Amino acid sequence: RAAGLDEAKAGLIADGYEQVLESTESLALRLTDAIVGMPQTMNDELRAQLQQEFSPAELVELSMGVGLFLGMSKVLILLGLEPEDMPVTVLPTPGS
């Protein structure tokens, strides 16, 4: 929220987000889509765009943050440790 994320901005994260978000935000989401989607090697175009926009340290931080969150969420679900009273919002994954 301190960086400007609110419900209206979060609502823009849907198919076509590349057209409505700033380039940095869009690139971070494209990286997230690549990590969360079907496992494959990142294409050269996306890699070059990310390297132009983010420092190596920022790319590591973004990638590890997404990867750790994804992995931990899968472990918690597998072990049945997600809170019973946790509010759940289901949003379609862009591109799905």
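Predicted model: local features only at pLDDT ≥ 70, side-chain atom pairs only at ≥ 80, totals over all residues.
View 1. Residues are numbered from 1 along each chain as its sequence is written, and side-chain values use heavy atoms, with hydrogens and water left out. Helices are DSSP runs of H or I with at least four residues, numbered from the N terminus. Glycine 67 is partly exposed, at 32% relative accessible area (between buried, under 20%, and exposed, over 50%, with a 1.4 Å probe and protein chains only). Its C-alpha atom is separated by 14 Å from that of arginine 30, 37 residues apart along the chain.

**View 2. Serine 26 in helix α3.** Serine 26 is buried, with 7% relative accessibility. Beyond its neighbours within four places in sequence, serine 26 is in contact with Tyr17, Glu18 and Leu21 (heavy atoms within 4.5 Å).

**View 3. The lining of the second largest pocket.** Of its 15 lining residues, Arg30, Asp33, Ala34, Gln40 and Leu46 lie nearest the centre. Two or more lining residues come from each of α2 (17-20) and α3 (23-36), and α3 gives the most, with five. A pocket here is an open set of points on a 1 Å grid over the protein atoms alone, where a 1.4 Å probe fits, with protein on both sides within 12 Å along at least five of seven lines; lining residues have an atom within 4 Å of a point.
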